[in-house]
Amino acid sequence: MYKSIVCCVLLLVALGTSSLRAQTQPDSRGAKFQQQLRQTADKGVAYLLEKGRDETDGSFSKQLSPAVTGLCISALVRNGVPVGNKKVQQSLAFLETMVQPDGGIYGKGSHLRNYETSVSVIAFHQCNVDGKYDEILDRASKFLKGIQWDDGEGHGIESNHHGGQGYGSHERPDLSNTSFFLDALKELEDDDMQNSDAVRKALIFTSRCQNLASPYNSAEFTEHIPEGDEGSFIYSAVGKGETKVEPNSTTPAGGLRGYASMTYAGLKTFLYAGVDKDDFRVKAAMDWISRHYDLDSNPGMGKQGLFYYYHVFAKTMNAIGDPKLKDHEGVEHDWRSDLVSKLASMQKSDGSWTNEHDRWYEGDPNLVTAYSLLAISYCQDSPNQKQDAVSETESEKSLRHVVMFAFNDDASKEQIAEVESAFAALPEKIDTITGFEWGTNNSPEGLNDGLTHCFLVTFDSEAGRAEYLPHPAHKAFVDILKPILKKAVVIDYWTKD
């Protein structure tokens with residue numbers, strides 16, 4: 001019987017004995033990178049599906065905000081979990097309970113109406129098979145545009161509020177919420193972004209948040225830009241301007257320090273709005289990020305908001321469309337392999353991520369794992385969207401997981417029968433198993449190499465397998481198997497026509 005290194009690796013994973021990590025930094029064009037990306041993403045997906053969800057209603061960290069559920073749904077679907085997955089559907093049903101009469105998608109009494117609605121729009125749009133959520137999305141789009149700061153709130157183009165979005169309580173707009181708003185509009189209006197009045201107004205606000213004196217921004221803080229900060233972005237242009245850098249957010253002369261997460265958010269808004277890459281605003285932002293390329297920290301903020309930064313970093317670099325970023329010293333960085341390697345090194349054994357610096361709720365594993373998986377999805381050449389997840393994995397192909405056993409000579413019939421029964425019970429306990437059969441060897445050729453039992457488990461996606469392997473029911477089965485197991489062979493394959 002032929003065996004391969006792949007079989008051995010899969011066996012180790014299946015029995016829970018160890019995992020293999022790439023020991024050298026992978027090239028994003030190569031197999032090592034793809035393997036590291038897939039293994040890291042699969043572990044994160046399994047964590048969200050098995051440990052992150054509230055099984056009673058499908059929500060994720062609802063005590064923080066329904067937006068966490070929206071982010072987790074998007075993270076799962078973009079990493080290959082089919083929209084039709086029962087757990088994804090339950091989470092979507094929970095999110096539907098947040099749809100309000102005004103068209104917004106937020107918790108009752110929430111002060112985060114823009115943020116929660118924008119994130120939910122992205123999730124619903126990515127799962128909008130056969131127009132199921134068309135009405136929800138149409139009403140949500142009108143709601144978001146309705147709460148954008150503009151003449152309707154008494155803030156014409158001369159006001160620094162104009163065009164921005166805040167959390168939704170209408171205290172003041174900020175670049176982070178404006179960026180989420182633009183992300184939602186990109187989902188809904190991708191082909192017509194440049195003709196959108198809402199996008200045009202958001203671009204005005206965004207330009208005023210940049211540490212760059214220009215015809216688009218004459219704020220006082222641009223007269224005192226800190227050294228090395230030209231081209232960066234701050235949190236809000238309202239009043240004298242606001243930044244979230246702590247401590248030393250301002251210079252003695254009154255300048256405001258920019259930081260990476262807002263700079264990438266601002267740059268992404270420019271790109272989404274159709275601003276030319278030769279525009280001086282875009283060039284200034286690109287110059288800043290080339291001088292502050294760093295994945296060990298959120299430049300300007302240290303470890304604060306680190307995983308939010310990873311998310312917006314990946315999304316912006318994907319929008320730029322170049323797999324390499326040259327820093328100011330002329331060194332080219334393969335940002336995708338850099339980011340995946342960094343996230344792989346920070347992932348916990350259970351598949352989750354957290355930030356010990358808990359500002360902006362980054363101590364919550366669901367939120368941070370969603371940020372990480374979303375970042376990983378933008379490192380793929382063609383991230384799994386709803387079309388891939390539904391048609392390819394559910395309708396056209398199946399993932400077979402073939403397991404063959406030989407038992408110890410002293411294993412009793414009762415012990416072997418217990419293994420057979422425990423394995424056969426797994427489909428009732430693990431939702432992602434879509435097919436199962438088993439039998440004992442009946443070949444007259446004598447090539448079974450001592451293996452007597454063969455089990456064939458079917459999944460509709462690699463994410464489904466990723467949920468199966470660490471599942472408590474599967475681990476309990478392995479505990480029954482190990483004492484009498486003499487030899488095993490495991491091979492997985494995608495079916496072909």
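Lys326 is part of strand 1, which covers residues 324–326. The model described here is predicted.

- Leaving aside residues up to four places away in sequence, Lys326 touches Ser290, Val331 and Glu332.
- Between Lys326 and Leu49 there are 38 Å in space, taken from C-alpha to C-alpha.
- In sequence, Lys326 and Leu49 are 277 residues apart.

**Helix 7 and helix 9**
- Helix 7 spans residues 175–189, and helix 9 spans residues 260–272.
- The axes of helix 7 and helix 9 come within 10 Å of each other and cross at roughly 35 degrees.
- This crossing of helix 7 and helix 9 is left-handed.
- On the helix 7 side, the contact is made by Leu175, Ser176, Ser179, Leu182, Asp183 and Lys186.
- On the helix 9 side, Met262, Ala265, Gly266, Lys268, Thr269 and Tyr272 take part.
- By residue class, the contact of helix 7 with helix 9 comprises five nonpolar, four polar and three charged residues.

**Asn177 in helix 7**
- Helix 7 also holds Asn177.
- Is Asn177 buried or exposed? Asn177 has a relative accessible area of 0%, and buried means under 20%, so Asn177 counts as buried.
- Not counting residues up to four places away in sequence, Asn177 touches Asn114, Tyr115, Gln165, Gly166 and Tyr167.

Technical notes: Residues are numbered from 1 along each chain as its sequence is written. This is a predicted model: local features need pLDDT of at least 70, side-chain atom pairs count only at pLDDT 80 or more; totals for chains, interfaces and linings use all residues. Side-chain values use heavy atoms; hydrogens and water are left out. Axes are lines fitted to C-alpha atoms, for helices over the stretch in contact, and angles run from 0 to 180 degrees between N-to-C directions. Helices (H or I, at least four residues) and strands (E, at least two) are DSSP runs, numbered from the N terminus. A crossing is left-handed if the near helix is turned anticlockwise from the far one by less than a right angle, and right-handed if clockwise. Contact means heavy atoms within 4.5 Å. Ala, Val, Leu, Ile, Met, Phe, Trp, Tyr, Cys and Pro count as nonpolar, Asp, Glu, Lys and Arg as charged, and the others, Gly among them, as polar. Buried means under 20% relative accessible area, exposed over 50%, partly exposed in between (1.4 Å probe, protein chains only).
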